[in-house]
Amino acid sequence: MVYHAPPSHSPMLGTPVSVAISDKKRDVQQLSQNMVYANLRSTPSPHAQAYGAAIDYGSQLPMMVPAGGMYGPAGMSPIHLYQHGARSTRRGDHGADHHVTLRSALLDEFRANKSRKWELRDIFGYVVEFSGDQHGSRFIQQKLETANSEEKQIVFDEIVPHNALQLIQDVFGNYVIQKLFEHGTQVQKTMLANAMEGHVLPLSLQMYGCRVVQKAVEYILPEQQSAFVKELDVNVLRCVKDANGNHVIQKLIERVAPERLTFVQAFRGNVYELSTHPYGCRVLQRCFEHLPDEQTRPLLDELHKYIINLMQDQFGNYVVQFVLEHGTPHDRAVIISKLRGQMLNMARHKFASNVCEKALITADSESRGLLIEEIMTPKHDGVSPILAMMKDQFANYVLQRALSVVEGEQKEALISKVRPQLMNMRRYSSAYSKHLMAIERLLERCPPYPMDSTKDIAISGATSDALS
(Lines give C-alpha, C1' and ligand atoms only; values in the text may rest on other atoms or scores of the structure.)
Protein backbone atom coordinates (compact mmCIF):
# COMPACT_ATOMS: atom_id res chain seq x y z
CA MET A 1 0.00 0.00 0.00
CA VAL A 2 1.19 3.46 -0.82
CA TYR A 3 1.23 6.09 1.90
CA HIS A 4 -0.92 9.16 1.64
CA ALA A 5 1.38 12.03 2.24
CA PRO A 6 0.95 15.39 3.84
CA PRO A 7 -1.42 17.47 1.79
CA SER A 8 0.15 20.48 0.18
CA HIS A 9 -1.01 22.57 3.09
CA SER A 10 0.40 25.72 1.68
CA PRO A 11 1.57 27.12 -1.66
CA MET A 12 4.74 27.83 0.31
CA LEU A 13 5.29 24.23 1.35
CA GLY A 14 8.97 23.43 1.55
CA THR A 15 11.09 20.33 1.99
CA PRO A 16 11.73 19.56 5.68
CA VAL A 17 15.27 20.04 6.89
CA SER A 18 17.14 16.76 7.16
CA VAL A 19 18.04 16.07 10.76
CA ALA A 20 19.57 12.72 11.69
CA ILE A 21 18.08 12.44 15.18
CA SER A 22 16.03 9.26 15.24
CA ASP A 23 15.08 6.28 13.20
CA LYS A 24 11.62 7.72 12.68
CA LYS A 25 13.03 10.94 11.20
CA ARG A 26 15.18 9.00 8.77
CA ASP A 27 12.05 7.11 7.79
CA VAL A 28 10.38 10.44 7.06
CA GLN A 29 13.23 11.40 4.74
CA GLN A 30 13.02 8.03 3.02
CA LEU A 31 9.27 8.53 2.57
CA SER A 32 9.77 11.87 0.84
CA GLN A 33 12.00 10.17 -1.73
CA ASN A 34 10.26 6.85 -2.27
CA MET A 35 6.52 7.25 -1.65
CA VAL A 36 3.76 8.53 -3.89
CA TYR A 37 1.33 10.69 -2.02
CA ALA A 38 -2.30 11.61 -2.53
CA ASN A 39 -3.46 15.10 -1.72
CA LEU A 40 -6.19 15.47 0.89
CA ARG A 41 -6.77 18.96 0.61
CA SER A 42 -8.83 21.10 -1.90
CA THR A 43 -6.80 23.62 -3.88
CA PRO A 44 -7.73 27.31 -3.86
CA SER A 45 -7.24 28.08 -7.52
CA PRO A 46 -5.97 26.41 -10.68
CA HIS A 47 -3.86 29.42 -11.54
CA ALA A 48 -0.11 29.20 -11.15
CA GLN A 49 1.22 31.70 -8.68
CA ALA A 50 4.56 32.70 -7.24
CA TYR A 51 4.75 32.69 -3.46
CA GLY A 52 7.13 33.74 -0.76
CA ALA A 53 9.77 31.91 1.22
CA ALA A 54 9.25 28.27 2.07
CA ILE A 55 7.86 27.23 5.43
CA ASP A 56 10.08 24.81 7.34
CA TYR A 57 8.02 21.99 8.78
CA GLY A 58 11.11 20.13 9.95
CA SER A 59 10.58 21.19 13.53
CA GLN A 60 7.13 19.54 13.49
CA LEU A 61 8.23 16.03 12.53
CA PRO A 62 6.73 14.34 14.48
CA MET A 63 4.87 15.71 17.50
CA MET A 64 5.18 13.32 20.45
CA VAL A 65 2.85 13.57 23.42
CA PRO A 66 4.47 13.12 26.84
CA ALA A 67 2.74 11.53 29.80
CA GLY A 68 -0.06 13.73 31.09
CA GLY A 69 0.53 16.03 28.12
CA MET A 70 -1.85 18.45 26.47
CA TYR A 71 -3.58 15.92 24.25
CA GLY A 72 -3.48 12.74 26.28
CA PRO A 73 -4.50 11.34 29.64
CA ALA A 74 -2.02 11.11 32.48
CA GLY A 75 0.10 8.01 32.36
CA MET A 76 0.32 7.89 28.57
CA SER A 77 3.79 6.84 27.49
CA PRO A 78 5.60 8.64 24.68
CA ILE A 79 4.84 6.87 21.45
CA HIS A 80 8.38 5.60 20.86
CA LEU A 81 8.65 3.74 24.18
CA TYR A 82 7.02 0.32 24.12
CA GLN A 83 6.88 -2.42 26.70
CA HIS A 84 6.18 -5.76 25.04
CA GLY A 85 9.59 -7.36 25.41
CA ALA A 86 11.17 -4.25 24.00
CA ARG A 87 14.91 -4.18 23.70
CA SER A 88 17.29 -1.29 23.39
CA THR A 89 18.55 -0.77 19.86
CA ARG A 90 21.04 1.81 18.69
CA ARG A 91 20.11 3.60 15.50
CA GLY A 92 22.49 5.37 13.25
CA ASP A 93 25.02 3.18 11.52
CA HIS A 94 26.50 6.35 10.11
CA GLY A 95 27.87 7.42 13.47
CA ALA A 96 25.81 10.61 13.62
CA ASP A 97 22.93 9.26 15.67
CA HIS A 98 23.72 8.20 19.24
CA HIS A 99 20.17 8.19 20.58
CA VAL A 100 18.90 4.96 22.06
CA THR A 101 15.27 4.02 21.40
CA LEU A 102 13.22 1.03 22.41
CA ARG A 103 11.75 -1.32 19.87
CA SER A 104 10.20 -4.69 20.54
CA ALA A 105 11.79 -7.88 19.33
CA LEU A 106 8.61 -8.58 17.34
CA LEU A 107 8.88 -5.32 15.40
CA ASP A 108 12.57 -5.99 14.79
CA GLU A 109 11.66 -9.39 13.40
CA PHE A 110 8.85 -7.92 11.28
CA ARG A 111 11.22 -5.40 9.75
CA ALA A 112 13.89 -8.04 9.13
CA ASN A 113 11.83 -11.06 8.06
CA LYS A 114 10.21 -10.17 4.76
CA SER A 115 9.69 -13.77 3.67
CA ARG A 116 7.22 -14.60 6.43
CA LYS A 117 3.53 -14.18 5.64
CA TRP A 118 2.42 -11.84 8.39
CA GLU A 119 -1.19 -11.49 9.49
CA LEU A 120 -2.88 -9.01 11.80
CA ARG A 121 -3.21 -11.60 14.54
CA ASP A 122 0.59 -11.92 14.60
CA ILE A 123 0.94 -8.39 15.96
CA PHE A 124 -1.97 -8.28 18.42
CA GLY A 125 -0.72 -6.63 21.60
CA TYR A 126 1.73 -4.55 19.56
CA VAL A 127 -0.68 -2.57 17.37
CA VAL A 128 0.25 0.84 18.79
CA GLU A 129 3.96 0.22 18.34
CA PHE A 130 3.51 -1.03 14.76
CA SER A 131 1.26 1.95 13.95
CA GLY A 132 4.09 4.31 14.85
CA ASP A 133 6.55 2.52 12.59
CA GLN A 134 6.81 3.23 8.86
CA HIS A 135 6.60 -0.40 7.76
CA GLY A 136 4.27 -1.46 10.54
CA SER A 137 1.82 1.33 9.75
CA ARG A 138 1.71 0.37 6.09
CA PHE A 139 1.10 -3.27 7.04
CA ILE A 140 -1.82 -2.41 9.33
CA GLN A 141 -3.37 -0.12 6.71
CA GLN A 142 -3.28 -2.90 4.14
CA LYS A 143 -4.75 -5.48 6.48
CA LEU A 144 -7.57 -3.24 7.76
CA GLU A 145 -8.99 -3.02 4.25
CA THR A 146 -9.77 -6.75 4.23
CA ALA A 147 -9.87 -7.59 7.96
CA ASN A 148 -12.94 -9.24 9.48
CA SER A 149 -14.96 -7.51 12.17
CA GLU A 150 -13.22 -9.36 15.01
CA GLU A 151 -9.74 -8.37 13.80
CA LYS A 152 -10.80 -4.74 13.36
CA GLN A 153 -12.22 -4.70 16.87
CA ILE A 154 -8.97 -5.99 18.39
CA VAL A 155 -6.97 -3.32 16.54
CA PHE A 156 -9.49 -0.70 17.57
CA ASP A 157 -9.44 -1.70 21.25
CA GLU A 158 -5.65 -1.42 21.42
CA ILE A 159 -5.77 2.14 20.06
CA VAL A 160 -8.99 3.68 21.41
CA PRO A 161 -9.24 5.59 23.62
CA HIS A 162 -5.87 5.79 25.39
CA ASN A 163 -3.53 5.74 22.40
CA ALA A 164 -5.71 7.49 19.82
CA LEU A 165 -4.52 11.06 20.33
CA GLN A 166 -0.83 10.26 20.15
CA LEU A 167 -1.26 8.25 16.94
CA ILE A 168 -3.45 10.95 15.36
CA GLN A 169 -0.47 13.33 15.61
CA ASP A 170 2.13 10.81 14.48
CA VAL A 171 3.77 10.90 11.05
CA PHE A 172 2.88 7.23 10.44
CA GLY A 173 0.20 6.55 13.01
CA ASN A 174 -2.23 9.12 11.57
CA TYR A 175 -2.76 6.91 8.52
CA VAL A 176 -3.88 3.99 10.68
CA ILE A 177 -6.43 6.24 12.39
CA GLN A 178 -7.70 7.37 8.99
CA LYS A 179 -8.16 3.73 7.98
CA LEU A 180 -10.20 3.12 11.12
CA PHE A 181 -12.53 5.93 10.07
CA GLU A 182 -12.78 4.49 6.57
CA HIS A 183 -13.29 0.80 7.47
CA GLY A 184 -14.59 0.81 11.04
CA THR A 185 -18.19 0.40 12.13
CA GLN A 186 -20.26 3.48 12.88
CA VAL A 187 -19.97 2.72 16.60
CA GLN A 188 -16.17 2.61 16.29
CA LYS A 189 -16.10 5.85 14.30
CA THR A 190 -18.25 7.52 16.95
CA MET A 191 -15.99 6.32 19.78
CA LEU A 192 -12.89 7.44 17.89
CA ALA A 193 -14.41 10.88 17.33
CA ASN A 194 -15.33 11.00 21.02
CA ALA A 195 -11.65 10.55 21.84
CA MET A 196 -10.91 13.63 19.71
CA GLU A 197 -13.54 15.86 21.27
CA GLY A 198 -12.06 18.54 23.47
CA HIS A 199 -8.90 18.49 21.34
CA VAL A 200 -10.26 19.43 17.89
CA LEU A 201 -8.57 22.86 17.81
CA PRO A 202 -4.99 21.73 18.62
CA LEU A 203 -5.42 18.69 16.34
CA SER A 204 -6.62 20.92 13.50
CA LEU A 205 -3.52 23.09 13.86
CA GLN A 206 -1.15 20.11 13.90
CA MET A 207 0.51 18.84 10.75
CA TYR A 208 -0.83 15.27 10.92
CA GLY A 209 -3.79 15.81 13.19
CA CYS A 210 -5.46 18.11 10.68
CA ARG A 211 -5.67 15.23 8.20
CA VAL A 212 -7.38 12.98 10.69
CA VAL A 213 -9.86 15.72 11.60
CA GLN A 214 -10.68 16.12 7.89
CA LYS A 215 -11.16 12.38 7.51
CA ALA A 216 -13.33 12.25 10.62
CA VAL A 217 -15.60 14.99 9.27
CA GLU A 218 -16.35 12.77 6.27
CA TYR A 219 -17.43 9.76 8.33
CA ILE A 220 -18.94 10.93 11.62
CA LEU A 221 -22.61 11.63 12.28
CA PRO A 222 -24.05 15.17 11.94
CA GLU A 223 -24.27 15.65 15.70
CA GLN A 224 -20.54 15.05 16.08
CA GLN A 225 -19.84 17.30 13.12
CA SER A 226 -21.65 20.03 15.04
CA ALA A 227 -19.53 19.30 18.11
CA PHE A 228 -16.37 19.77 16.02
CA VAL A 229 -17.72 23.05 14.63
CA LYS A 230 -18.55 24.30 18.11
CA GLU A 231 -14.99 23.65 19.32
CA LEU A 232 -13.59 25.73 16.45
CA ASP A 233 -16.17 28.53 16.62
CA VAL A 234 -14.21 30.97 18.78
CA ASN A 235 -10.92 30.31 16.97
CA VAL A 236 -12.19 29.95 13.41
CA LEU A 237 -10.19 32.92 12.04
CA ARG A 238 -7.04 31.48 13.61
CA CYS A 239 -7.74 28.19 11.85
CA VAL A 240 -8.49 29.87 8.52
CA LYS A 241 -5.11 31.60 8.57
CA ASP A 242 -3.20 28.48 9.63
CA ALA A 243 -1.36 26.30 7.10
CA ASN A 244 -3.01 23.19 8.55
CA GLY A 245 -6.22 24.50 10.07
CA ASN A 246 -7.54 26.08 6.87
CA HIS A 247 -8.02 22.64 5.34
CA VAL A 248 -10.20 21.58 8.26
CA ILE A 249 -12.39 24.68 7.81
CA GLN A 250 -12.68 23.99 4.08
CA LYS A 251 -13.68 20.39 4.75
CA LEU A 252 -16.33 21.47 7.25
CA ILE A 253 -17.78 23.93 4.73
CA GLU A 254 -17.88 21.21 2.09
CA ARG A 255 -19.33 18.42 4.24
CA VAL A 256 -21.43 19.90 7.04
CA ALA A 257 -24.99 21.14 6.63
CA PRO A 258 -24.88 24.96 6.24
CA GLU A 259 -27.22 25.58 9.17
CA ARG A 260 -24.69 23.88 11.47
CA LEU A 261 -21.79 26.10 10.32
CA THR A 262 -22.19 28.77 12.95
CA PHE A 263 -18.64 30.04 12.49
CA VAL A 264 -19.44 31.60 9.09
CA GLN A 265 -20.75 34.64 10.98
CA ALA A 266 -17.16 35.40 12.00
CA PHE A 267 -16.21 36.05 8.36
CA ARG A 268 -18.41 39.14 8.19
CA GLY A 269 -16.35 42.29 8.49
CA ASN A 270 -13.22 40.33 7.56
CA VAL A 271 -13.81 39.68 3.85
CA TYR A 272 -11.01 41.92 2.59
CA GLU A 273 -8.54 40.50 5.10
CA LEU A 274 -9.49 36.92 4.20
CA SER A 275 -9.49 37.58 0.45
CA THR A 276 -5.91 38.86 0.56
CA HIS A 277 -4.65 35.96 2.70
CA PRO A 278 -3.09 32.85 1.05
CA TYR A 279 -5.38 30.50 2.99
CA GLY A 280 -8.30 32.82 3.64
CA CYS A 281 -8.89 33.23 -0.10
CA ARG A 282 -9.43 29.47 -0.36
CA VAL A 283 -11.92 29.40 2.48
CA LEU A 284 -13.97 32.22 0.96
CA GLN A 285 -14.12 30.38 -2.36
CA ARG A 286 -15.43 27.28 -0.57
CA CYS A 287 -18.08 29.45 1.10
CA PHE A 288 -19.23 30.87 -2.23
CA GLU A 289 -19.22 27.36 -3.70
CA HIS A 290 -21.14 25.45 -1.02
CA LEU A 291 -23.19 27.83 1.14
CA PRO A 292 -26.68 29.16 0.38
CA ASP A 293 -27.39 32.75 -0.57
CA GLU A 294 -28.52 33.83 2.90
CA GLN A 295 -25.02 33.06 4.23
CA THR A 296 -22.98 34.26 1.23
CA ARG A 297 -24.91 37.43 0.34
CA PRO A 298 -23.45 39.53 3.22
CA LEU A 299 -19.97 38.29 2.28
CA LEU A 300 -20.42 39.08 -1.42
CA ASP A 301 -21.85 42.53 -0.72
CA GLU A 302 -18.81 43.23 1.43
CA LEU A 303 -16.52 41.87 -1.29
CA HIS A 304 -17.93 44.26 -3.89
CA LYS A 305 -16.70 47.25 -1.87
CA TYR A 306 -13.09 46.23 -2.51
CA ILE A 307 -13.22 44.79 -6.05
CA ILE A 308 -10.67 47.13 -7.65
CA ASN A 309 -8.14 46.53 -4.88
CA LEU A 310 -8.76 42.79 -4.82
CA MET A 311 -8.25 42.51 -8.58
CA GLN A 312 -4.70 43.73 -8.04
CA ASP A 313 -3.90 41.48 -5.09
CA GLN A 314 -1.91 38.28 -5.51
CA PHE A 315 -4.57 36.28 -3.65
CA GLY A 316 -7.63 38.50 -3.92
CA ASN A 317 -7.67 38.22 -7.72
CA TYR A 318 -8.48 34.51 -7.35
CA VAL A 319 -11.57 35.30 -5.28
CA VAL A 320 -12.76 37.82 -7.89
CA GLN A 321 -12.16 35.32 -10.70
CA PHE A 322 -14.08 32.67 -8.79
CA VAL A 323 -17.12 34.95 -8.44
CA LEU A 324 -16.94 35.83 -12.15
CA GLU A 325 -16.95 32.17 -13.08
CA HIS A 326 -19.35 30.73 -10.49
CA GLY A 327 -21.28 33.69 -9.12
CA THR A 328 -24.76 34.93 -9.93
CA PRO A 329 -25.35 37.17 -12.98
CA HIS A 330 -25.82 40.08 -10.55
CA ASP A 331 -22.43 39.58 -8.88
CA ARG A 332 -20.75 39.11 -12.24
CA ALA A 333 -22.33 42.31 -13.55
CA VAL A 334 -21.15 44.29 -10.51
CA ILE A 335 -17.54 43.17 -11.02
CA ILE A 336 -17.62 43.89 -14.75
CA SER A 337 -19.08 47.35 -14.10
CA LYS A 338 -16.07 48.09 -11.87
CA LEU A 339 -13.78 47.14 -14.77
CA ARG A 340 -15.42 49.63 -17.12
CA GLY A 341 -13.06 52.55 -17.72
CA GLN A 342 -10.18 50.58 -16.17
CA MET A 343 -9.49 47.91 -18.80
CA LEU A 344 -6.11 49.23 -19.97
CA ASN A 345 -4.80 49.87 -16.45
CA MET A 346 -6.03 46.54 -15.13
CA ALA A 347 -4.80 44.65 -18.21
CA ARG A 348 -1.27 45.91 -17.61
CA HIS A 349 -1.28 44.70 -13.98
CA LYS A 350 0.28 41.32 -13.18
CA PHE A 351 -2.69 40.02 -11.17
CA ALA A 352 -5.58 42.12 -12.45
CA SER A 353 -4.85 41.00 -16.03
CA ASN A 354 -6.08 37.54 -15.01
CA VAL A 355 -9.38 39.10 -13.92
CA CYS A 356 -9.65 40.97 -17.23
CA GLU A 357 -9.31 37.71 -19.14
CA LYS A 358 -11.87 35.98 -16.94
CA ALA A 359 -14.28 38.89 -17.39
CA LEU A 360 -14.00 38.68 -21.18
CA ILE A 361 -14.76 34.96 -21.04
CA THR A 362 -17.66 35.04 -18.57
CA ALA A 363 -19.40 38.30 -19.52
CA ASP A 364 -22.67 38.33 -21.44
CA SER A 365 -22.42 39.46 -25.09
CA GLU A 366 -23.39 43.05 -24.37
CA SER A 367 -20.95 43.53 -21.48
CA ARG A 368 -18.16 41.80 -23.42
CA GLY A 369 -18.76 44.12 -26.35
CA LEU A 370 -18.47 47.19 -24.12
CA LEU A 371 -15.16 45.97 -22.63
CA ILE A 372 -13.71 45.29 -26.09
CA GLU A 373 -14.98 48.64 -27.39
CA GLU A 374 -13.01 50.27 -24.57
CA ILE A 375 -9.88 48.46 -25.76
CA MET A 376 -10.43 49.69 -29.32
CA THR A 377 -11.11 53.34 -28.46
CA PRO A 378 -8.10 55.73 -28.33
CA LYS A 379 -7.65 57.67 -25.08
CA HIS A 380 -8.15 61.44 -24.85
CA ASP A 381 -4.38 61.90 -24.84
CA GLY A 382 -4.10 59.93 -28.09
CA VAL A 383 -2.76 56.74 -26.53
CA SER A 384 -3.84 53.62 -28.42
CA PRO A 385 -4.88 50.94 -25.93
CA ILE A 386 -4.31 48.25 -28.55
CA LEU A 387 -0.71 49.36 -29.16
CA ALA A 388 -0.03 49.68 -25.43
CA MET A 389 -1.46 46.22 -24.79
CA MET A 390 0.56 44.64 -27.61
CA LYS A 391 3.75 45.95 -26.00
CA ASP A 392 2.91 44.95 -22.43
CA GLN A 393 4.00 41.63 -20.90
CA PHE A 394 0.62 41.11 -19.21
CA ALA A 395 -1.84 43.09 -21.30
CA ASN A 396 -0.92 41.28 -24.51
CA TYR A 397 -2.60 38.18 -23.08
CA VAL A 398 -5.76 40.18 -22.47
CA LEU A 399 -5.67 41.37 -26.08
CA GLN A 400 -5.24 37.77 -27.23
CA ARG A 401 -8.26 36.80 -25.15
CA ALA A 402 -10.28 39.65 -26.66
CA LEU A 403 -9.40 38.42 -30.16
CA SER A 404 -10.52 34.93 -29.24
CA VAL A 405 -13.96 35.88 -27.83
CA VAL A 406 -14.96 38.93 -29.90
CA GLU A 407 -17.99 38.39 -32.11
CA GLY A 408 -19.65 39.65 -35.30
CA GLU A 409 -18.85 43.02 -36.80
CA GLN A 410 -16.86 44.00 -33.74
CA LYS A 411 -14.49 41.15 -34.52
CA GLU A 412 -13.72 42.56 -37.96
CA ALA A 413 -13.25 46.02 -36.46
CA LEU A 414 -10.83 44.76 -33.81
CA ILE A 415 -8.78 42.80 -36.33
CA SER A 416 -8.63 45.83 -38.63
CA LYS A 417 -7.12 47.86 -35.77
CA VAL A 418 -4.69 45.19 -34.59
CA ARG A 419 -3.26 44.21 -38.00
CA PRO A 420 -1.62 47.55 -38.97
CA GLN A 421 -0.22 48.00 -35.48
CA LEU A 422 1.25 44.52 -35.71
CA MET A 423 2.93 45.30 -39.03
CA ASN A 424 4.42 48.54 -37.71
CA MET A 425 5.80 46.86 -34.61
CA ARG A 426 7.27 44.07 -36.71
CA ARG A 427 8.95 46.64 -38.94
CA TYR A 428 10.51 48.81 -36.24
CA SER A 429 11.11 46.56 -33.27
CA SER A 430 12.07 42.98 -32.44
CA ALA A 431 11.66 43.44 -28.69
CA TYR A 432 8.12 42.10 -28.64
CA SER A 433 8.51 39.12 -30.95
CA LYS A 434 7.13 36.61 -28.44
CA HIS A 435 3.96 38.64 -27.84
CA LEU A 436 3.49 39.45 -31.51
CA MET A 437 3.90 35.85 -32.63
CA ALA A 438 0.92 34.75 -30.57
CA ILE A 439 -1.23 37.59 -31.91
CA GLU A 440 -0.15 36.81 -35.49
CA ARG A 441 -1.22 33.21 -35.05
CA LEU A 442 -4.64 34.35 -33.90
CA LEU A 443 -5.02 36.70 -36.86
CA GLU A 444 -3.96 33.97 -39.30
CA ARG A 445 -6.89 31.92 -38.08
CA CYS A 446 -9.35 34.79 -38.45
CA PRO A 447 -10.93 34.80 -41.96
CA PRO A 448 -12.77 37.91 -43.14
CA TYR A 449 -16.13 36.30 -42.36
CA PRO A 450 -17.60 35.50 -38.90
CA MET A 451 -16.01 32.51 -37.20
CA ASP A 452 -17.31 30.25 -34.48
CA SER A 453 -16.22 31.75 -31.15
CA THR A 454 -15.83 28.30 -29.56
CA LYS A 455 -13.12 27.46 -32.09
CA ASP A 456 -11.47 30.80 -31.40
CA ILE A 457 -11.32 30.08 -27.69
CA ALA A 458 -9.72 26.72 -28.32
CA ILE A 459 -7.09 28.32 -30.53
CA SER A 460 -6.37 31.00 -27.96
CA GLY A 461 -6.06 28.42 -25.21
CA ALA A 462 -3.53 26.50 -27.25
CA THR A 463 -1.60 29.68 -27.99
CA SER A 464 -1.54 30.73 -24.34
CA ASP A 465 -0.40 27.28 -23.31
CA ALA A 466 2.44 27.41 -25.78
CA LEU A 467 3.57 30.76 -24.44
CA SER A 468 3.19 30.05 -20.75
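This is a predicted model: local features need pLDDT of at least 70, side-chain atom pairs count only at pLDDT 80 or more; totals for chains, interfaces and linings use all residues.
User: How much of the chain counts as buried?

Analyst: Of its 468 residues, 52% count as buried, the cut-off being a relative accessible area under 20%. The chain exposes about 20700 Å², and carbon and sulfur atoms supply 52% of that area.

User: What share of the contacts in the chain with a separation of 6 or more comes from residues 24 or more positions apart?

Analyst: Such residues account for 72% of those contacts. A contact here means heavy atoms within 4.5 Å.

User: What makes α4 roughly parallel to α7?

Analyst: Helix α4 (residues 134-144) and helix α7 (residues 173-183) pack at an angle of about 5 degrees, and their axes are 9 Å apart. Angles under 35 degrees count as roughly parallel, so α4 is roughly parallel to α7.

User: Which residues of α4 and α7 meet?

Analyst: From α4 they are S137, I140, Q141 and L144; from α7 they are Y175, V176, K179, L180 and H183. By class, the residues of this contact divide into five nonpolar, three polar and one charged.

User: How do you know that the buried residues of α8 line one face of the helix?

Analyst: In α8 (residues 186-196), the buried residues are Q188, K189, L192, A193, A195 and M196. Viewed down the axis of α8, these buried residues fall within an arc of 150 degrees, so they line one face of the helix. In general, an α-helix has 3.6 residues a turn, so residues three or four places apart point the same way.

User: What covers the buried residues of α8?

Analyst: The cover includes α5 (149-159), α6 (164-168), α7, α9 (200-204), α10 (209-219) and α11 (222-232).

User: Which kind of peptide bond joins V160 and P161, and how do you know?

Analyst: The bond between V160 and P161 has an omega of about 5 degrees and is cis. Most peptide bonds are trans. P161 sits in the loop between α5 and α6.

User: Why is helix α15 called mostly covered?

Analyst: Nine of the eleven residues of α15 (residues 280-290) are buried. They are G280, C281, R282, V283, L284, Q285, R286, C287 and F288. Among the elements that cover them are α12 (236-240), α13 (245-255), α14 (271-275), α16 (293-304) and α18 (316-326).

User: What makes α24 mostly covered as well?

Analyst: In α24 (residues 395-405), ten of the eleven residues are buried. The buried residues are A395, N396, V398, L399, Q400, R401, A402, L403, S404 and V405.

User: Why does S353 count as buried?

Analyst: Buried means under 20% relative accessible area. S353 has 4% relative accessibility, so S353 counts as buried. S353 is in helix α21 (residues 352-362). Leaving out residues up to four places away in sequence, S353 touches M346, A347, F394 and V398.

User: Is L201 buried or exposed, and how do you know?

Analyst: L201 lies in helix α9 and has a relative accessible area of 15%. The cut-off for buried is under 20%, so L201 is buried. Not counting residues up to four places away in sequence, L201 touches E231, L232, N235, R238 and C239.

User: How far apart in space are L201 and G245?

Analyst: L201 and G245 are 8.3 Å apart, C-alpha to C-alpha, and 44 residues apart in sequence.

User: What does R238 touch, not counting residues up to four places away in sequence?

Analyst: R238, found in helix α12, touches L201 and L205. R238 and L205 are 33 residues apart in sequence and 9.1 Å apart in space, C-alpha to C-alpha.

User: Is G269 buried or exposed, and what makes it so?

Analyst: Exposed means over 50% relative accessible area. The value for G269 is 59%, so G269 is exposed. G269 is in the loop between α13 and α14.

Definitions and conventions:
Residues are numbered from 1 along each chain as its sequence is written. Side-chain values use heavy atoms; hydrogens and water are left out. Axes are lines fitted to C-alpha atoms, for helices over the stretch in contact, and angles run from 0 to 180 degrees between N-to-C directions. Helices (H or I, at least four residues) and strands (E, at least two) are DSSP runs, numbered from the N terminus. Angles under 35 degrees count as roughly parallel, over 145 as roughly antiparallel, 65 to 115 as roughly perpendicular and the rest as oblique. Ala, Val, Leu, Ile, Met, Phe, Trp, Tyr, Cys and Pro count as nonpolar, Asp, Glu, Lys and Arg as charged, and the others, Gly among them, as polar. Buried means under 20% relative accessible area, exposed over 50%, partly exposed in between (1.4 Å probe, protein chains only). Accessible areas come from the Shrake-Rupley method with a 1.4 Å probe; for residues, only the protein chains shown count as cover. The arc is that of the directions from the helix axis to the C-beta atoms.
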